[in-house]
Amino acid sequence: MRLQVFHLSPPAPAVVLVLGILALPCAAGADRLALTNGRVVTGVIETEANDRVAIRTSEGLVSFSKGQISKIERESKGENLRAAFRMALARGDISAALGMLNSGEAGVYSTAEIDAAILESSETLVSASASATDGDSARLSSFIHDRPSTASEELLILLSRHYAGRGNTVRALEELRALPTSSIASVPAWREFAVGMLSSEIRRALDAGETDEGIEALRILSEIAPAANGTQSAALLFLRNSSRKASQGDYAGALETLGAQLATVAPATAFNEAQRIVALAEGRLSTTATLELYDQLNAYFGNSRSGQAQLLLAYQRQAKLLLKAGRFDDAERVADKVAAVDADGGALLAHKIEFAKRNAAIPPGDLVAEYKLGVWAKGMGLRDEAMAQFSLAEKSPELRENAQLQSRLMETEMEKAEFQKVTTAFEAGKYSQAMKEAEAFRKKFPKSTLAKQAVTLTEISKFQLTRKAKTRPAEADALYQNAERLYYQNRYKEALNAALRVETDYPDTESGMKAGKMRQAIIRKLRASGTQEALALAVSAETTTQPETQINPHERERQRAEIEALIASFEMEKLR
């Protein structure tokens, strides 16, 4: 087997300043100061001046005069780097520890040695999972998986526990699935974790209506701890029974199973599956039979306001079928149910019902009435219905010109509304979204006079994304350095806002991850101070997700001017 080797680089100054509070797991391989009082201090010597020595220990940076020291024992640079690595692991700083694994630097550390150090601090790492960043998780996962041979079961269970600690049960289950269930069941601590995590995943899957995921989690749980299935097992059995009945064409029986049995233990799953079954039946049964299923669906799930809110989509489909059957009064009753939880949706459905009633009353061949109904539908916001009516009216020589004009006006309004999505995304700096909207616009309106502008905005968006990709790391680093300066000046409120801005605006950069660490360090300092003002600031920092922003009233005009200049520049470049 090929031995994989990583190289440790010295931790950056910002990392060194926050290295751990916890005890070093293993003192071997670090510098030592023997003091005259008989005490031995172990750590990494950072500076040695004429009369003082500063050493970084597991409890922080301490300094001694040389008169207090009887002997100095130095380890090699590589040994000290190993010590710093273990100290970072001991305090749960995954990012700082794995960030030392830079190829080409001094200090060789084998995969087996790093594995041992990680497992030595596994409980600390798991306890720190809740505060870990996506970058931390990615680094840990990459280290464990990106190796020539399969990682040990201990590392895989550690990674699963890490993701579970972050609330990502889907990824935790994915890592757990790589382990033999016999191994999980044989270690009490692993079994206890797996039972708790799998039970949570089954509940999540049932609430989300994700049947396959829930059944897979139940399968693993059954093999690890058969007695732990309980309610979740019963829920999945009801779900399977309902699916079996639906597959046999017994749609009413399937709904009965869902509404009378599954809804008592997993209401969200029961509702989602019930809607799926009714939609399936709609294409296979007569209109009358399908409407009876909708009545059954409403009887089981529409007895509360929350249930009615969930049934909005089903109500829309039911109303469409009722209109098709000419049952306008019944459709109006469905519209009333929609209006009770969605006033705008209810009003729109009422307009559609009124349109259907008026359309049914038009005598065959009365194109004037068809045109007038189109004008009415346009005023009610029924775009598709209006376009259909104007298309019919075009058959009349007397109405053709007006009908075509009405259709063209509506198409122009639609084009402007769709193009507005492009410009809105572009002006907000969402260039990827602007490109998607522009592409959709060009496909929908290939002959539009705005298509050329859509192409221009697409090209400018590409340019902006390229420029942004090149400048983002430098911008993030500059902003982070400002936050760091404020931090060392003890201007914590300003430093918090500056760090949060970097963390929020540049999450995919190294500076963004460092800013997150800085914010946590400031919060710890504020809590440690104990003052009322500091505690209030710490609480605010823990709950704030966006930095404070002063809005410049001229910013939008500046953005528009920049857009116009970029468009002009781009057009000139094409002319060359």
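**Figure 1. Helices H17 and H19 run roughly parallel to each other.** Roughly parallel here covers angles under 35 degrees. The axes of H17 (residues 312–324) and H19 (residues 343–361) cross at roughly 10° and come within 11 Å. Axes are lines fitted to C-alpha atoms, for helices over the stretch in contact, and angles run from 0 to 180 degrees between N-to-C directions. From H17, the contact takes in Gln316, Ala319 and Leu323. From H19 come Gly345, Leu349, Lys352, Ile353 and Ala356. Contact means heavy atoms within 4.5 Å. By type, the residues of this contact are 5 nonpolar, 2 polar and 1 charged. Ala, Val, Leu, Ile, Met, Phe, Trp, Tyr, Cys and Pro count as nonpolar; Asp, Glu, Lys and Arg as charged; the others, Gly among them, as polar.

The model is predicted: local features need pLDDT of at least 70, side-chain atom pairs count only at pLDDT 80 or more, and totals for chains, interfaces and linings use all residues. Residues are numbered from 1 along each chain as its sequence is written, and side-chain values use heavy atoms, with hydrogens and water left out.

**Figure 2. The whole chain holds 28 helices and 7 strands.** Helices (H or I, at least four residues) and strands (E, at least two) are DSSP runs, numbered from the N terminus. The chain has 576 residues, and 41% of them count as buried. Buried means under 20% relative accessible area, exposed over 50%, and partly exposed in between (1.4 Å probe, protein chains only). Take the contacts between residues at least 6 apart in sequence: 60% join residues at least 24 apart.

**Figure 3. Several helices cover the buried residues of H19.** Gly345, Gly346, Leu349, Ile353, Phe355 and Ala356 of H19 are buried. Their cover includes H17, H18 (328–341), H20 (367–379) and H21 (383–393). H19 has 19 residues, which should span 27 Å at 1.5 Å a residue; its end C-alpha atoms are 27 Å apart, which agrees. The expected span is 1.5 Å times one less than the number of residues.

**Figure 4. H20 has buried residues of its own.** They are Ala369, Glu370, Tyr371, Leu373, Gly374, Trp376 and Ala377. The cover over them includes H19, H21 and H22 (400–427). The 13 residues of H20 should span 18 Å at 1.5 Å a residue, and the 19 Å between its end C-alpha atoms agrees.

**Figure 5. Valine 278 is buried in helix H14.** H14 covers residues 267–282. The relative accessible area of valine 278 is 1%. Leaving aside neighbours within four places in sequence, valine 278 is in contact with Leu255, Leu293, Tyr294 and Leu297. Leucine 255 is 23 residues from valine 278 in sequence and 8.4 Å away in space, C-alpha to C-alpha.

**Figure 6. Asparagine 490 has a positive phi.** The angle is about 60°, although asparagine 490 is not a glycine. Most residues other than glycine have a negative phi. Asparagine 490 lies in the loop between H24 (451–488) and H25 (492–505). At 52% relative accessibility, asparagine 490 counts as exposed.

Notes: Parallel < 35°, antiparallel > 145°, perpendicular 65-115°, else oblique.
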